Amino acid sequence: MLVIVCYDVCTETREGRRRLRRVAKVCEGIGQRVQKSVFECKVTLAELETLERRLLSEISEQQDCLRLYRLPETRGAEVREYGHFKAVDFEGPLVL
């Protein structure tokens, strides 16, 4: 399934800036950044649960906001892109 992860971390304090880096690092490990605080992640249900648990352990629920949008493949999803960003084709071959 495709999951969209969006977050807004309060960076007014040093600890907030650390949380922001940790949240981004968790997302970078499983998905691709499509905007500064938005990631697309192609995951299984088990991977989604792990991702959610890891992100919840990093944020402050009193100061930050985290949203996970689950887009099951059975319904299909259409993504329209504009601008200079070109997404990685998760279904295509991986070239290193």
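**Briefing: fold and packing of a predicted chain**

Of the 96 residues in the chain, 30% are buried, where buried means under 20% relative accessible area with a 1.4 Å probe, counting protein chains only. The model is predicted: local features need pLDDT of at least 70 and side-chain atom pairs count only at pLDDT 80 or more, while totals for chains, interfaces and linings use all residues. Residues are numbered from 1 along each chain as its sequence is written, and side-chain values use heavy atoms, with hydrogens and water left out.

**Overall architecture**

- The chain holds two helices and four strands; these are DSSP runs numbered from the N terminus, with helices (H or I) of at least four residues and strands (E) of at least two.
- Along the sequence, the elements follow the pattern β-α-β-β-α-β.
- Among contacts (heavy atoms within 4.5 Å) between residues at least 6 apart in sequence, 68% join residues at least 24 apart.

**The sheet**

- An open sheet is formed by four strands in the order E2-E3-E1-E4, with antiparallel pairing; two strands pair if DSSP finds at least two bridges between them.
- Its edge strands are E2 and E4 (65–71), each of which pairs on one side only.
- From one strand to the next, the twist averages 25°.
- Strand E1 (residues 2–8) is joined to E3 by five bridges and runs antiparallel to it; Val3 stands opposite Cys41 of E3, and Cys6 has Val38 of E3 as its bridge partner.
- Strand E2 (residues 32–35) pairs with E3 over three bridges in the antiparallel sense, and Arg33 has Phe39 in E3 as its bridge partner.
- Two residues lie between E2 and E3 in the hairpin that they form.
- Strand E3 (residues 38–42) is largely enclosed by the rest of the structure, because four of its five residues are buried.

**The helices**

- Helix H1 (residues 14–28) packs against helix H2 (residues 45–58) at an angle of about 170°, and their axes are 9 Å apart; axes are lines fitted to C-alpha atoms, for helices over the stretch in contact, and angles run from 0 to 180 degrees between N-to-C directions.
- H1 is therefore roughly antiparallel to H2, a term for angles over 145 degrees.
- In this contact, Arg19, Arg22, Val23, Val26 and Cys27 of H1 meet Leu51, Arg54, Leu55 and Glu58 of H2.
- The residues of the contact of H1 with H2 comprise five nonpolar, no polar and four charged; Val, Leu and Cys are among those counted as nonpolar, and Glu and Arg among those counted as charged.

Note on methods
Buried < 20%, exposed > 50% of the residue type's maximum accessible area, 1.4 Å probe, protein only. Parallel < 35°, antiparallel > 145°, perpendicular 65-115°, else oblique.
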